[in-house]
Amino acid sequence: MELDFERCYRAVDSRDQRFDGWFYTGVTTTGIYCRPSCPAMTPKRQNVRFFPSAAAAQGAGLRACRRCRPDAAPGSPQWDVRADVVGRAMRLIADGVVDRDGVPGLAGRLGYTERHLHRMLRAELGAGPLALARAQRAQTARTLIETTELGMAEIAFAAGFGSVRQFNDTVREVYGAAPSELRTMRGRRPAVGGAGTITLRLAYRPPLHAAALLDFLAVRALPGVEEVRDGTYRRGLRLPHGPAEVALTPVDGHVSATLRLADMRDLAPAVARCRRLLDLDADPEAVDTTLAADPALAPAVRAEPGVRLPRAVDGFEMAVRAIVGQQVSVRSARTTLTRLLHHPTPSPDLHLHPVDQEVLVDESASPDRKALDHRQEGRGEGRSEGQGEGRSEGWGGLRGFLEAGEVVGLPDAAFGMPAGRRETLRALARAVADGEIVLDPGGDRQETVRRLLAVPGIGAWTAGYVAMRALGDPDVFLPTDLAVRRGGAALGLPDDPKTLDLYADRWRPWRSYAVIRLWRAA
């Protein structure tokens with residue numbers, strides 16, 4: 001990836017935190033690398049090199065700055081939104097695929113040879129997949145050293161290192177200190193919540209409209225799986241090595257994340273999924289600049305800068321939500337999903353706490369809310385993004401969503417929906433369980449949408465909703481969505497789906513963010 005020296009140097013000289021994660025600054029005289037916003041004195045031009053990744057800087061023999069902690073910078077927004085092979089690879093590496101399956105597993109997931117994948121990553125990021133995964137392991141190790149009481153050997157294997165010696169060598173090389181020194185420098189801070197609990201900061205590029213994120217998630221919270229309370233979003237997770245729970249609290253400058261992990265090896269994928277859920281690697285200035293160029297959206301952008309696109313920790317979960325939400329309100333969809341989740345299953349891990357009946361039956365919706373239950377879309381689909389209230393079991397009793405194989409095995413009585421929609425869910429679950437449809441962040445977006453549309457009962461709205469929230473596509477528009485049309489009408493935009501779809505071309509490549517703003521306007 002080409003980095004323009006003058007532009008990068010100006011960002012460093014102004015300590016512009018918007019560029020944190022876009023590139024890294026290497027200082028040849030000190031042998032360290034920093035984030036662009038590092039508060040240290042700006043180095044002389046002749047002593048500076050710029051790198052597209054922390055791994056590339058480490059490969060050049062530089063260690064991480066102890067002052068600005070470049071390893072804790074937000075991820076590059078390029079890898080967050082790009083749909084090409086490199087973007088998909090970076091999302092899979094962040095999710096720990098190389099640590100679990102090695103480079104052959106990563107290459108197999110992407111459909112390329114190891115050699116060609118290495119060549120592409122080197123060209124874009126200055127480092128191959130092993131070096132990129134190694135940089136992530138070093139960051140995970142530092143987090144565990146500084147926030148847990150685990151022994152160094154336990155940390156080594158939890159972070160994904162093959163041996164304690166490899167762990168020690170990497171930490172010394174990346175941070176210029178032995179693991180025990182890192183713990184001494186930061187002080188031993190035992191986890192508040194006990195064993196397996198880690199609290200850390202998730203960085204983001206400002207601005208962040210936290211209220212919009214929490215409002216969106218609260219409306220759709222499923223009892224027993226997630227909840228929003230007192231400014232904190234909590235949910236259960238299913239991770240590669242076991243279950244987990246997370247509490248995410250947006251505060252000034254970062255999101256405070258408290259994770260309870262059954263297996264410490266799941267720290268990196270848990271962090272990656274939480275960042276993806278809250279869209280923390282986005283570039284809000286780029287998004288808002290494009291949307292604010294439209295006079296219809298400009299007032300909303302000025303009033304609420306930094307509105308993010310809430311994504312998903314589980315692509316299959318999001319696809320199920322989309323199918324259940326066809327032609328019903330958000331409130332009705334949540335009721336159906338709650339019944340589905342709480343239906344008895346053979347697996348003890350799926351036992352959830354009893355549901356408060358007030359969540360299942362709510363007759364307090366306003367006439368306008370009830371009107372959202374009636375909608376149409378090309379192939380008999382549609383959706384409304386309304387608002388509502390709900391509450392669930394407290395922190396400590398939350399579980400992850402159902403897996404595809406479990407949905408396939410549920411009896412008809414568990415679904416509580418028309419037979420056609422029930423069979424659509426089963427067909428999707430079978431395709432995901434068999435690997436025919438990939439809904440993780442490393443999937444090919446175009447191919448996934450094509451395969452979704454081939455499932456009977458899935459049309460353009462459902463496939464688009466899944467692409468937007470499960471696959472993280474930043475440029476999806478849903479012109480037939482009732483709330484999108486209502487929001488557009490409220491802003492003086494065309495109400496006709498075809499006309500509105502044509503109008504939305506001016507919002508490219510951020511039409512998904514425009515959808516969120518139209519939902520809010522509705």
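What share of the 522 residues in the protein chain is buried? Buried residues make up 57% of them. The model is a predicted one. The protein chain holds 25 helices and 9 strands. Of the contacts between residues at least 6 apart in sequence, 71% join residues at least 24 apart.

## The sheet

Five strands form an open sheet in the order S5-S9-S8-S7-S6, with antiparallel pairing. Strand S5 (197–203) and strand S6 (226–229) stand at the edges. Each has a single partner strand, so one side of each is left without a neighbour in the sheet. On average, neighbouring strands are turned by 20° against each other, direction ignored.

| Strand pair | Bridges | Direction | Facing residues |
|---|---|---|---|
| S5 and S9 | 7 bridges | antiparallel | Leu202 and Val255 |
| S8 and S9 | 8 bridges | antiparallel | Val246 and Leu259 |
| S6 and S7 | 4 bridges | antiparallel | Glu227 and Arg234 |

S8 and S9 form a hairpin with 2 residues between them. Gly253 sits in that turn and has a positive phi of about 95°.

Helix H11 (residues 210–219) packs on it and touches S6, S7 and strand S8 (242–251). The direction of H11 makes about 135° with that of S6. Helix H12 (residues 267–278) lies across S5, S7, S8 and strand S9 (254–261). H12 runs at about 140° to S9.

Which peptide bond involving Pro207 is cis? The bond from Pro206 to Pro207 is, with omega near 0°. Pro207 lies in the loop between S5 and H11. The bond from Arg508 to Pro509 is also cis, with omega near 0°. Pro509 belongs to the loop between helix H24 (497–503) and helix H25 (511–521).

Two aspartates carry a positive phi. Asp230 has phi near 55°, and Asp279 has phi near 60°. Neither value belongs to a glycine. Asp230 is placed in the loop between S6 and S7. Asp279 is found in the loop between H12 and helix H13 (284–292).

Is Asp230 buried or exposed? Asp230 is exposed, because its relative accessible area is 74% and the cut-off for exposed is over 50%. Asp279 has 1% relative accessibility and therefore counts as buried, the limit being under 20%.

## The second largest pocket

The second largest pocket holds about 750 Å³ of space. Its lining is made of 33 residues. The closest to its centre are Arg238, Arg273, Asp314, Gly315 and Asp440. Helix H5 (97–110), S7, H12, helix H15 (315–324) and H20 each give two or more residues to the lining. Which element gives the largest share? Strand S7 does, with 5 residues.

## Arg422 in helix H20

H20 covers residues 419–433, and Arg422 is found in this helix. Arg422 has a relative accessible area of 16%, so it is buried under the 20% limit. The side chain of Arg422 makes a polar contact with the side chain of Glu423 at 3.2 Å. Leaving aside residues up to four places away in sequence, Arg422 touches Asp412, Phe415 and Met417.

Terms used: Residues are numbered from 1 along each chain as its sequence is written. This is a predicted model: local features need pLDDT of at least 70, side-chain atom pairs count only at pLDDT 80 or more; totals for chains, interfaces and linings use all residues. Side-chain values use heavy atoms; hydrogens and water are left out. Buried means under 20% relative accessible area, exposed over 50%, partly exposed in between (1.4 Å probe, protein chains only). A polar contact is a pair of N or O atoms within 3.5 Å; within protein, one must be able to donate a hydrogen and the other to accept it, and residues adjacent in sequence count only if both atoms are side-chain atoms. Contact means heavy atoms within 4.5 Å. Two strands pair if DSSP finds at least two bridges between them. Axes are lines fitted to C-alpha atoms, for helices over the stretch in contact, and angles run from 0 to 180 degrees between N-to-C directions. On a 1 Å grid over the protein atoms alone, a cavity is a set of points where a 1.4 Å probe fits but cannot get out, and a pocket is an open set with protein on both sides within 12 Å along at least five of seven lines; lining residues have an atom within 4 Å of a point. Grid points are joined across faces, edges and corners, and a volume is the space filled by probe spheres set on the points.
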